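Let's walk through this model together, from a single loop residue to the cores and then to a few helices and strands. Keep the viewer open as you read.

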Amino acid sequence: MSEHVDRSEPEAVAAQAGAAVTPADAADAARLVAFGLQPKLQPARDQEYQDLLRRYREEAPFARLADAVAAGLGLVVLEVSPRAGMAVTAAEDSVFAVRMGDYARRTSADSADRFLHGLAHLAVAAMAFPRPEDLADDGYIGRVTVNGVDAFVRQACRRLEERAEAVGEITDPATDAPGLEAAWRIWARRSATGATKDARRLAGSTTGIVGKAAVFLTDSGFLQRTGDENGGTYRTTARYQLQVRDMAGTAAMAELLELGVVPVTDGTPTLLPAEESDDLDLVADAGLPFHST
């Protein structure tokens, strides 16, 4: 009669870790990363994706292999879960990295617009998750509108202008100067919608810039469009929460929120009164989810 061996949990884990990794395992790990690079794909709608996510959670060697594949592609794994799938973001040296300069150049040849596009993305993130607890709550869903984001930035512009005047700073610096102090002046004097015969907003208007940011974030699986009101209404996804959570410690995010221009969370353009704050030298090229050049 054979004796039943009750293997302890540490021994079982060690045995599993020692199992040989096969080419099929490597292919599956790469397949999981490939799923992660399709941000609009929902795990609940793909059985293979669900099976690979389960392997990642239950098999430590497979999880390490998938992490290694992602790292080799210059990707940072933010979370692997049924709600977010394999959520990854590109490291600065990754071939998948999107840079603010490239993004802006596809829209306009005006170098000053680079700051406006970065500010638009930063404002969307700040409006979507205005409080630390919003980022910490996995069940929280942020809502923004194009017109609401534009109103948010213009309110921030007014606060910065008031402070600049209070300390006697110049009110019209060069438009290509770096940082928020230049960006708010450009934004404030740019038309909100532009003027076309058929009432369409111009791409170079501030709502046009915010609209492009919203479309980019939607195509990237960070936002979902929910309606056409207020220039377009959107809700956040789990991936966007993870992205903003990863970037929340940057000076850009913190300093914009410190302006005290706090939007209501239903995405409407109504703003609360701003409060006083200091130290607003925002770093140049600060825009989510981009890397600086």
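Is N230 buried, partly exposed or exposed? N230 is partly exposed, with a relative accessible area of 32%; here buried means under 20% relative accessible area, exposed means over 50%, and partly exposed lies in between, with a 1.4 Å probe and only protein chains considered. Look for N230 in the loop between β4 (223–227) and β5 (233–236). Its phi is positive, about 55 degrees, although N230 is not a glycine.

A word on conventions before going further. The model is predicted, so local features need pLDDT of at least 70 and side-chain atom pairs count only at pLDDT 80 or more, while totals for chains, interfaces and linings use all residues. Residues are numbered from 1 along each chain as its sequence is written, and side-chain values use heavy atoms, with hydrogens and water left out.

Now zoom out to the whole chain. The protein chain has 12 helices and five strands, which are DSSP runs numbered from the N terminus (helices H or I with at least four residues, strands E with at least two). Of its 293 residues, 45% are buried. The accessible surface is about 14700 Å², and carbon and sulfur atoms hold 52% of that surface; the areas come from the Shrake-Rupley method with a 1.4 Å probe, and for residues only the protein chains shown count as cover. Among contacts (heavy atoms within 4.5 Å) with a separation of 6 or more, 62% join residues 24 or more positions apart.

The largest nonpolar core has 35 residues, and V149, W187 and Y240 have the most contacts inside it. Such a core is a set of buried Ala, Val, Leu, Ile, Met, Phe, Trp, Tyr and Cys residues joined through side-chain atoms within 4.5 Å. At least two residues each come from α6 (113–128), α8 (146–166), α9 (180–189), α10 (206–219) and α11 (238–247), with α6 giving the most, 10 residues. Leaving out residues up to four places away in sequence, Y240 touches H121, V124, A125, A128, F129, L217, F222 and L223. A second, separate core of 18 residues includes L32, L75, V80 and A90.

Within β2, A87 is the bridge partner of E79. Six of the six residues of β2 are buried.

Finally, turn to α10, where 11 of the 14 residues are buried, including I209, V210, F216 and L217. Just after α10, G221 takes a positive phi of about 80 degrees.

How values were computed
Pairing = 2+ DSSP bridges.
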